[in-house]
Amino acid sequence: MKVVCADPAGWKKTAWEMGWVVGVAAVGLLLWEAIIWCFELPPILLPSPRQVVAAAIGERVALLQGTVVTAIAAMAGLGAAIAMGCLMAIAFSQSNRIRKAFFPYVVFLQTVPIVAIAPLLITWSGYQFRTVVLVTVIICFFPIVNSVTEGLLSVQHDLSDLFRLYGAGRTKRLFGLQFPSAVPFLVVGMKTSSGLAVIGAIVAEFFVGNGSSYNGLGTLMTGWQAFQRTDALIAAIFASAILGLFLFGTVRLVSVTVLRRWTTGYRNR
């Protein structure tokens, strides 16, 4: 039976890095308390960390439900954006005409403020979960398309010539050469979009929650802001940040496990 020993140097490095993260968090909390004490800020303007923790505990059920609802919308939108973005990137890589004709519209979709698009999507789609997913797809779409297209087009010419020399067709070159080369670029796009997915879902919930019983994190933030529950509002912000870290970590986990075959060399560069 083969025994796998943990690398002491690796554990020491990880502990050292985690120590820095915890140290920065501790300094941030001390500065937070110091600002409240020096300027005598009222809790409605800036509550203390202890008050935020107390609000998080008191609203734990609503926060947990809101986080789950927002997480489902963010993951659904991110998954749809990855699927649609990869398909469009493949079309862009196979035809210069298609790329030149449609890529400006993809850029246009990225440049239009999502806050301006959300009300229009509500008019078309209604105050429901589907609208939140649509907004998330729009905000996640460009990083996926741009990254995967760059990866598909960055294949070395000598390898492409070798495939042609052996009579490989367009489909075989795409799935045997281009797409494996584009996987590291896809991971980069997914990491960028993982954070954007949470932002898109919460922005959409700001609008969707006004006309329905939708109870995502964005809806909770809007309600608590209206009732001047600043402590609960900050707790919801921390919950959304943790959700973003969870999605980013999930993408990284997929890249080092399922996609490890194609991303190991890229990470070692």
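Predicted model: local features only at pLDDT ≥ 70, side-chain atom pairs only at ≥ 80, totals over all residues.
The largest nonpolar core has 57 residues. Leu63, Ile82, Val132, Val148, Leu152, Leu186 and Met190 have the most contacts inside this core. Two or more residues come from each of α1 (8-39), α2 (49-58), α3 (60-94), α5 (114-125), α6 (129-153), α8 (170-208), α9 (217-226) and α10 (230-256). The most is given by α8, with 13 residues. Ile82 shows how such contacts reach along the chain. Leaving aside its neighbours within four places in sequence, Ile82 is in contact with Ile144, Leu186 and Met190.

The relative accessibility of Ser194 is 1%. Buried means under 20%, so Ser194 counts as buried. A polar atom of the Ser194 side chain lies 2.6 Å from the backbone oxygen of Lys191.

Aromatic rings form four pairs in the structure. One of them joins Trp16 and Trp20 edge-to-face, with 6.1 Å centre to centre and 85° between the planes. Both residues lie in helix α1. Four residues separate Trp16 from Trp20, about one turn of the helix. Both are exposed. Another pair, Trp32 and Phe238, is stacked. Here the centres are 6.4 Å apart, and the angle between the planes is 20°. Trp32 lies in helix α1 and Phe238 in helix α10, so this pair ties together parts that are 206 residues apart in sequence. The two partners can also be described by accessibility. Trp32 is buried, with a relative accessible area of 16%. Phe238 counts as partly exposed, at 45% relative accessibility. Elsewhere, ring pairs link Phe92, Phe103 and Phe142 into a cluster.

The UniProt record, an unreviewed entry, lists residues 20-42, 62-90, 102-127, 133-153 and 232-259 under "transmembrane region". Two of these spans were examined in the model. Residues 20-42 are 87% helix and 0% strand. The end C-alpha atoms of residues 20-42 lie 31 Å apart. Residues 102-127 are 85% helix and 0% strand. For residues 102-127, the end C-alpha atoms are 30 Å apart.

The backbone angles remain. Most residues other than glycine have a negative phi. Glu40 has a positive phi of about 50° although it is not a glycine. Glu40 lies in the loop between α1 and α2. With a relative accessible area of 69%, Glu40 is exposed. Gln228 also has a positive phi, of about 55°, and is not a glycine. The loop between α9 and α10 holds Gln228. At 55% relative accessibility, Gln228 counts as exposed, because the cut-off for exposed is over 50%.

Key
Residues numbered from 1 in each chain as written. Heavy atoms only, no water. Core = buried A, V, L, I, M, F, W, Y, C linked by side-chain atoms within 4.5 Å. Buried < 20%, exposed > 50% of the residue type's maximum accessible area, 1.4 Å probe, protein only. Contact = heavy atoms within 4.5 Å. Polar contact = N/O pair within 3.5 Å; in protein donor to acceptor, adjacent residues only side chain to side chain. Phe/Tyr/Trp six-rings, centres within 6.5 Å; stacked < 30°, edge-to-face > 60°. UniProt positions renumbered as here; feature names shortened; annotations may be inferred.
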